[in-house]
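Have a look at the model first, then read on.

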Amino acid sequence: MTSTATEFFPNHGTIELDAIAKRAASMRRAAPGRPFGEDALAFLGSVSGRLLAEEVRTKHPQLAALGFWIRRPMLAQLAKRYQSRAAEDSAMLVARGLVFHLPPANVDIMFAYSWLLSLLAGNANLVRLPGSLNPAARLLLDVVAQEAVDFRAIRDSSLLLHYAHSATANRAMSEQCDARAIWGGDAKVLDLRTVPLPPRAIQIEFTDRFSYAAFNVHAYVAASESDRSALASRFFNDVFWFDQMGCASPRMVFWVGDEEEAKTAAKDLWSRLGVVISSRGYSVDASTAVAKLAYADRFTLDWPVEAVHRLSNELTVISLAEPVDFRGHVMGAGMMMECHIGSLCDIAPFVAPKDQTLVQFGFQRDEIEDLLTKSRGRGLDRVVPIGRALDFHHLWDGYDLIATLCRVVHVV
Amino acid sequence: MNIANYFAVPQFRVGSREKQRWLLEGLNWLTQHHYQRSEAYKRLLDRARGGAPHPAETIDEVPFVPVSLFKTHRLQSVPDTAIRNMLTSSGTGGQGVSRIAVDAETADLQNRALAAIVKTVVGNERLPMLLADTNAVIRNPALMTARGAGIVGFMRFGRGHTFILDEDMTAREDRLRDFLGRHGGRPFLIFGFTFMVWQYLYEVVRKGSFDLSNGILMHSGGWKKLESISVDNSTFRQRFADTCGLKRIYNFYGMVEQLGSIFVEGEGERLYAPDFAEVIIRDPATWQPAKDGDLGIIQVLSLLPRSYPGHSLLTEDLGVVTTLTDSVSETPKRGLRVLGRLPRTELRGCSDTFAVQIRSEAA
């Protein structure tokens, strides 16, 4: 076991794990203590400006998305909303204290969302970065370091580091925190649950999730050619970013409505999606192509499959007679199940706790609310239009992340 | 279809066009045979290959099954009561073990096929046999691994078997000396897995002075471990020739999913299909047969599998086929080079491979 960690921010260097307690105490003192502090807003605003610059936007669209999300006017609006809500309850929002973040190893800049949200909430932050950082993550760290020069409180209340996972190291970090945010799936969450937290500390957990899409086939068929092409293009983003391995990446399509229209819509969307796949240059390697062949065959033997459509190496569509619970056996990289149902609320019996995002096209709000009511709270944390499956939001995985990373003090 | 015709003649001899015709007829028959007898195979063809099979017009139209399917599913074309052996292999793909249901007929075909191949290489006589292994792998049938099964399968072709390893995997130089003292003056057979042959037999002959010039070595099992120490087929051959005069070396490629059907090293250090089998290289971007000399994924076809639908398998190995002209008969022949396993890709996502990470980081 190593007893040191590599520090990436605010300084570069090595830090002894034994020194964490002392460091945590000074970080706590430096933290603003309440959400939406002027320092945090100004700092995030200047990071946002850098990330929205042309050269970043073209090279690292995921950084631009982050930059867009922390724009100053948008944060000011959020501040107003949370503060007025608290005022109505005769309450005041304060920070939790020190938040320990364990972002996922393989979603490059996820650590930033977790960290910056918590910073906005006024907390001190200890972030365990993944062992290897890709160019986008490294650029982000550079930008953050440069912009933080003018913000002493941000620097003094943050610590971004990497250490090899071990029970001892995780315990040393956890002992210092008031909240722990664990990203990275069931195995990681279950493992870290065995590392104790101080009595008053809370934990937010991002486990393995499952997502799907629903199309109103009548609305789809009625849409114009160009609208359908635009839809396919947006759906490409939903499906193929992160190789369909994101929590929010849809893995199944429900065709909702008339059966004949469903067939027409399916044929149309898959062929348009095929065009987008080629034009965006998405391709799978040989190993993934073989894995997809074998997966589709196994799936055919195990589930009520009507037909497998291998449209290309990049897109396999498996038509099912009825929705099946394959949540524990997913593939990715363009493996899509499809199923016809009569109305949106027919999904309700299928909904399970693991379900996160429903990407939808063409449904009214009352139909969606009906589905969510009939699901009896079993699952689904987000319902978003086509193209927005992977848009991060502070309402995520069933948490209001800002509210959760704050404490509500009742001041009567 | 009388497959016995194939084994009556020396292998690797049937002219290419004639072979393609025989094979096509046999493979089409097998596709129908398995379609009618294996529910799982029928389901695959009906649902995932566009429907009931029509006779293929060329060999590359014969539908293939990914070999990893045998690790997760029991695919068989005979009732359970007819199964004589359940062959297993430890897969390197991490998905578990292949289970291959072999009935008496298929077992008989496998034996006769392998005999025909070995006789073509070694001759009709049963030669004294040296094994680059320990007899522990064959002694306990409960521990019967692919390695043990391979050894038992080949032991039939020799006599006076000598294992050069102890049960604790120590190479016994004295056994080698003793074997050579008794049999070294006439042709003898050596069998083993490539890595074992290198690790144990070569290590012994390298240090002492041994004459293996009458030996005929057949070895298989892949080059992955040897590549990590920069030993390829040419080096392997050269070193044995230089240190102990062993020159008749035949590498071969085969898998438990098509037992008996092995591709044996011949001219140009390439592997050649026996007359009842064929190899196709598939371009993984289009799944069409790759051009001569182009790298792709190896598909193997064989007329042997009757009790399970394994007559056309997509492997997870990379290879190249080059068509050469046979130096004796001047007919074209297709030589295979196996270039190792398809590298595995990990798709990224929100879930950390956490358990693995902890273990590797702790190590």
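## Cores and contacts

The largest nonpolar core takes in 149 residues, and A:Phe215 and B:Ile164 are the ones with the most contacts inside it. Keep in mind that this is a predicted model. The top contributor to that core is α14(A), with nine residues.

Skipping neighbours within four places in sequence, its contacts are B:Leu130, B:Leu131, B:Ala132, B:Ala171, B:Arg172, B:Arg175, B:Leu176, B:Tyr200 and B:Leu201. There's also a second, separate core of 70 residues, with A:Ile20, A:Ala24, A:Ala124 and A:Trp183 among them.

Now for the chain interface. On it, 38 residues of chain A are in contact with 32 residues of chain B. Elements of chain A that each supply at least two residues to the side touching chain B are α10 (186-193), α14 (286-302) and β11 (305-310). Of these, α14(A) gives the most, with 12 residues.

Within chain A, the domain assignment gives domain 1 (4-208 + 397-410) and domain 2 (210-385). Their centres, taken over C-alpha atoms, are 33 Å apart. Four residues of domain 1 of chain A are in contact with four residues of domain 2 of chain A.

Here is the make-up by class of the two contact sides:

| Side | Nonpolar | Polar | Charged |
|---|---|---|---|
| Domain 1 of chain A, touching domain 2 of chain A | one residue | one residue | two residues |

Notes
Residues numbered from 1 in each chain as written. Chains lettered and ligands numbered in written order. Predicted model: local features only at pLDDT ≥ 70, side-chain atom pairs only at ≥ 80, totals over all residues. Domains from an automatic or database assignment. Contact = placed C-beta atoms within 7 Å. Nonpolar A, V, L, I, M, F, W, Y, C, P; charged D, E, K, R; others polar. Helix = DSSP H or I, 4+ residues; strand = E, 2+ residues; numbered from the N terminus. Core = buried A, V, L, I, M, F, W, Y, C linked by C-beta atoms within 7 Å. Buried ≥ 20, exposed ≤ 12 C-beta atoms within 10 Å, placed from the backbone.
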